[in-house]
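Reader: I have the sequence and the coordinates open. Can you walk me through the fold, step by step?

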Amino acid sequence: MGDTFVTHPLTYRFLLDEDVKGLLPLFPPKRVKTTADLDLPTNASDAAIVKAAWRRGFTIVTANTRDFNREVEAFLTTGPKRRCRCLWGLVLLPSGTIQRQLLKRLRNLERRLQLDGKSVTWRDVQANHYRVTVYGDRSVKVSKLPRCAYHRKKDLEDET
Ligand SMILES: [Zn+2]
């Protein structure tokens, strides 16, 4: 399996978790991969999916909110000390048919992304390590993903 390590992705792309792979046709073909495209087995662990997305610089899309929030935190705080493991964005969708309505117009959803009063693009979500949480009532929240252990330590050192 191709294990290309991405230090800074040139463009944004989404990796669809197994539970949302049916949404594939709603994404521009060049912007999206499924876990099968990355040669991950259908029973791949959440941890394996997080790692695969990180290696390739993909933004993870899933409806498995609780498990992925937990897995992301675990991923960011483990691993080699001197190596960045910051993730390239996480999109958490509500479950059910509302997913299709939300993503039918990917641009419309993008236009609703804001952080601290500023517009956020999908590119920002990836490059700036953001988490987009979409709720069942269609409200959207953008927040910063925690940085990796390496960067947390570095930020502390830079402050002193
Ligand atoms: Zn980092």
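Predicted model: local features only at pLDDT ≥ 70, side-chain atom pairs only at ≥ 80, totals over all residues.

Reader: Which residues of H2 are buried, and on how wide an arc around the axis do they lie?

Author: The buried residues of H2 are Phe-68, Glu-71, Val-72, Phe-75 and Leu-76. They are on the same side of H2, because the arc they cover around the axis is only 125°.

Reader: What do the buried residues of H2 pack against?

Author: Two of the partners are strands, S3 (59-62) and S4 (90-92). The others are helices: H1 (46-56) and H6 (149-159).

Reader: How far apart are the end C-alpha atoms of H2, and what span should its residues give?

Author: Helix H2 covers residues 65-76, which is 12 residues. At 1.5 Å a residue they should span 16 Å. The model agrees, so the end C-alpha atoms are apart by 16 Å.

Reader: Which element gives the largest share of the largest nonpolar core?

Author: That core has 30 residues, and those with the most contacts inside it are Ala-53, Ile-60 and Val-61. Elements giving two or more residues to the core include strand S1 (14-16), helix H5 (122-127) and strand S7 (130-134). The largest share is five residues, and it comes from H1.

Reader: Which residues does Ala-53 touch, leaving out those up to four places away in sequence?

Author: Ala-53 is among the residues with the most contacts inside the core. Beyond four places in sequence, Ala-53 touches Leu-15, Phe-58, Ile-60, Leu-87 and Trp-88.

Reader: Is S3 covered on one face or on both?

Author: Take the sides in turn. Thr-59 and Val-61 are buried on one side of S3. Ile-60 and Thr-62 are buried on the other, and the answer is both faces.

Reader: Is Asp-124 buried, exposed or partly exposed?

Author: Asp-124 is found in helix H5. A residue needs 20 or more C-beta neighbours within 10 Å to be buried, and 12 or fewer to be exposed. Asp-124 has 18 inside 10 Å, so it counts as partly exposed.

Reader: What is the radius of gyration of the protein chain, and what would a compact globule have?

Author: The C-alpha atoms fill a box of roughly 45 × 40 × 30 Å along the principal axes. With 160 residues, a compact globule would have a radius near 15 Å. The chain agrees, with a radius of gyration of 15 Å.

Reader: How many helices and strands does the protein chain have, and in what order do they run?

Author: The protein chain has six helices and eight strands. From the N terminus on, the order is β-β-α-β-α-β-α-α-β-β-α-β-β-α.

Methods:
Residues numbered from 1 in each chain as written. Helix = DSSP H or I, 4+ residues; strand = E, 2+ residues; numbered from the N terminus. Expected span 1.5 Å × (residues − 1). Arc of directions from axis to C-beta. Contact = placed C-beta atoms within 7 Å. Core = buried A, V, L, I, M, F, W, Y, C linked by C-beta atoms within 7 Å. Rg over C-alpha atoms; globule rule 2.2 N^0.38 Å.
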